[in-house]
Amino acid sequence: QQLVAAGHQWDLVALFDSFPPGVVRTKSPLRRLPVHVGHLLRDGPGGARRHLGLIALRIRQRIRALINGREPVAPHPADALRAACSDAYRSYRPPKYPGDIVLFCAIQRDRWMDFSVADYLNGWSGLVGGEITVYNVSATHSTIFDPANLNELAQQMKQCLQRRATR
């Protein structure tokens, strides 16, 4: 928006399986249960014990802090950063972009994602004033840039650039 206001122009705005604020949210604990079961099957009992051990440690630390009248243990700096980014994402309300965009969409969904809209435009339709062109990639949001998916993504990008060159 700042570039638009400053009078700058460009030929292509491309988004890679991105979502505007409010579209993706964390699943409820009950809906996350299959994900946890999948992790248990993948990591085996040892991985489950380590994960549950970390959860138990955090709970014990919080209980001790409450019993002793102290503040709970400070979160890890990465947790604080993650929380700040999450808060900013949830509270930001972008203005409508007046131009066209190209959206490269992962057509497989990560099991951890929960959607408040289920449209093929990933929720961008109300925020883009121009045309939205979608290219589907056989990947998930988490794997769209993995080496196994780069050939398909590159082919989609090549097709996109060729179409734009003939306009």
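Contact is taken here to mean heavy atoms within 4.5 Å, and helices (H or I, at least four residues) and strands (E, at least two) are DSSP runs numbered from the N terminus. The model is predicted, so that local features need pLDDT of at least 70 and side-chain atom pairs count only at pLDDT 80 or more, while totals for chains, interfaces and linings use all residues. Residues are numbered from 1 along each chain as its sequence is written, and side-chain values use heavy atoms, with hydrogens and water left out.

The secondary structure of the protein consists of four helices and five strands. Read from the N terminus, the elements follow the order α-β-β-α-α-β-β-β-α. Of the 167 residues, 25% count as buried, where buried means under 20% relative accessible area, exposed over 50%, and partly exposed in between (1.4 Å probe, protein chains only). Among contacts between residues at least 6 apart in sequence, 79% join residues at least 24 apart. The protein exposes about 11,800 Å², of which carbon and sulfur atoms supply 59%; accessible areas come from the Shrake-Rupley method with a 1.4 Å probe, and for residues only the protein chains shown count as cover.

Helix α4 comprises 19 residues, 147-165. At 1.5 Å a residue this helix should span 27 Å, which agrees with the 27 Å between its end C-alpha atoms; the expected span is 1.5 Å times one less than the number of residues. Within α4, the residues N149, L153, Q156 and C160 are buried. These residues cover an arc of only 60° around the axis, which puts them on the same side of α4; the arc is that of the directions from the helix axis to the C-beta atoms. An α-helix has 3.6 residues a turn, so residues three or four places apart point the same way. The face of α4 turned away from the buried side carries the exposed residues P147, N151, Q155, L161 and A165. On the buried side, the packing partners of the helix are the strands β1 (14-16), β3 (101-106) and β5 (132-137).

F104, located in strand β3, counts as buried at 3% relative accessibility. Leaving aside neighbours within four places in sequence, F104 is in contact with A14, L15, F16, D17, Y135, I144, L153, Q156, M157 and C160. The C-alpha atoms of F104 and M157 are separated by 8.4 Å, although the two residues are 53 residues apart along the chain. V102, also found in strand β3, is buried with a relative accessible area of 1%. With neighbours within four places in sequence again left aside, V102 contacts L12, V13, A14, L15, T133, Y135, C160 and R164.

V102 and T133 are 31 residues apart in sequence and 4.8 Å apart in space, C-alpha to C-alpha. T133 counts as buried at 19% relative accessibility. Beyond its neighbours within four places in sequence, T133 is in contact with I101, V102 and L103.

Two loop residues have a positive phi. Most residues other than glycine have a negative phi, and most peptide bonds are trans. Phi of D17, however, is near 45°. D17 lies in the loop between β1 and β2 (24-26) and is buried, with a relative accessible area of 1%. Residues up to four places away in sequence not being counted, D17 touches L103, F104, C105, A106, R109, N122, H141 and I144. The C-alpha atoms of D17 and N136, 119 residues apart along the chain, are separated by 9.3 Å. N122, one of the residues that D17 touches, has a phi near 55°, likewise a positive value in a residue other than glycine. N122 occupies the loop between β4 (113-115) and β5 and is buried, with a relative accessible area of 2%.

On the surface, L52, I55, I59, I63 and I67 form a nonpolar patch with about 480 Å² of accessible area together. Patches are made of residues with over 30% relative accessible area and no salt bridge, like charges being joined within 9 Å and nonpolar side chains (Val, Leu, Ile, Met, Phe, Trp, Tyr) within 5 Å; a salt bridge is a side-chain nitrogen of Lys or Arg within 4 Å of a carboxyl oxygen of Asp or Glu. I67, a member of this patch, lies in helix α2 (residues 29-67) and is exposed, with a relative accessible area of 66%.
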